[in-house]
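Me: I've got a new model open in the viewer. Could you walk me through how to read it?

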Amino acid sequence: GGVEGVLAGNCLTVALGWLVLSVVTVRACGTRFQWSKMLPILRYSSPFLLTTIVGVASATVDRFLLQTLVSLEALGTYALAGKFAKLVSDLVGEPVNRAYGAFRYTIMKREDAPQIHARVTRYLAVILTFAGLLVALFTGSVLDVMADPAYRPAARYVPLLVLAAVLSVLVYPLQTGIYYQKRSGQLFWVALSQALVGALAGYVLIGAWGILGACM
């Protein structure tokens, strides 16, 4: 029970997804292995591993700073606001990224590919804007019903976090040029710069304005 139960449940969920995808992949592609493709794939994909590690650190440093510089209660309020803001990326960003990630490679050699990418980005921005507005408008009402009074102030921080979530989802289609040029290593340096700026700015802003500083 407790934390161990949460971790076990998450592990089982990931294992089930892995099992289903493995069965589908083996049925569709077989088990043939081409050694000549291994090195180029590793060279292309290894920066994503480093980027993910840096991204995890970047995503948690604000919480560490909040707990250290403010209080554990402030961290709880901030985390709750972040859960609502994350609805934008979960309900809009995740399905769009899954579909668009494969689609952009099917059109990369078409002459009208730039126009298609621009149109997709504009449509995505509009959808994200409406979704973000809905989350920001109704979070307060939802918290009034489901949350303890001590956590209801989380609603005031949701708009800034929603804006961050919207911009974060829009980053994905804007990375297309890097993927096309097979310069995935650039993503690591972008993520590292973002992490350093976020940590330094977070230390200053959280020290000055607490939860609001973390959102900023």
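What follows is a short tour, from the overall fold down to single residues.

Reply: First, the ground rules: this is a predicted model, where local features need pLDDT of at least 70, side-chain atom pairs count only at pLDDT 80 or more, and totals for chains, interfaces and linings use all residues. Residues are numbered from 1 along each chain as its sequence is written, and side-chain values use heavy atoms, with hydrogens and water left out.

Me: How many helices and strands does the secondary structure of the chain come to?

Reply: Helices (H or I, at least four residues) and strands (E, at least two) are DSSP runs, numbered from the N terminus. Here you get eight helices and zero strands. The C-alpha atoms fill a box of roughly 60 × 45 × 35 Å along the principal axes.

Me: What share of the 216 residues is buried?

Reply: Buried means under 20% relative accessible area, exposed over 50%, and partly exposed in between, using a 1.4 Å probe and protein chains only. In this chain, 29% of the 216 residues are buried.

Me: Which residues have the most contacts inside the largest nonpolar core?

Reply: A nonpolar core is a set of buried Ala, Val, Leu, Ile, Met, Phe, Trp, Tyr and Cys residues joined through side-chain atoms within 4.5 Å. The largest one has 30 residues, and those with the most contacts inside it are L66, Y78, V88, L128, L143, V162 and I211. At least two core residues come from each of α2 (38-69), α3 (72-106), α4, α5 (158-174) and α8 (211-215). The largest share, eight residues, is supplied by α3.

Me: What does V88 touch?

Reply: Contact means heavy atoms within 4.5 Å. Not counting residues up to four places away in sequence, V88 touches G93, L128, A131, G132, V135, V162, A165 and V166.

Me: At what angle do the axes of α2 and α7 cross?

Reply: Axes are lines fitted to C-alpha atoms, for helices over the stretch in contact, and angles run from 0 to 180 degrees between N-to-C directions. The axes of α2 and α7 come within 8 Å and cross at roughly 5°. Angles under 35 degrees count as roughly parallel, over 145 as roughly antiparallel, 65 to 115 as roughly perpendicular and the rest as oblique, so α2 and α7 are roughly parallel to each other. Residues making the contact include P47, F48 and L50 of α2 and G185, L187 and F188 of α7.

Me: And S184, buried or exposed?

Reply: S184 is buried, at 3% relative accessible area. You'll find S184 in the loop between α6 (176-180) and α7 (185-209). Its side chain reaches the backbone oxygen of Y44 at 2.6 Å. Leaving aside neighbours within four places in sequence, S184 is in contact with R43, Y44, P47, F48 and I178.

Me: What is phi of K182 near?

Reply: Most residues other than glycine have a negative phi. For K182, phi is positive, near 55°. K182 sits in the loop between α6 and α7 and counts as exposed, at 67% relative accessibility.

Conventions
A polar contact is a pair of N or O atoms within 3.5 Å; within protein, one must be able to donate a hydrogen and the other to accept it, and residues adjacent in sequence count only if both atoms are side-chain atoms.
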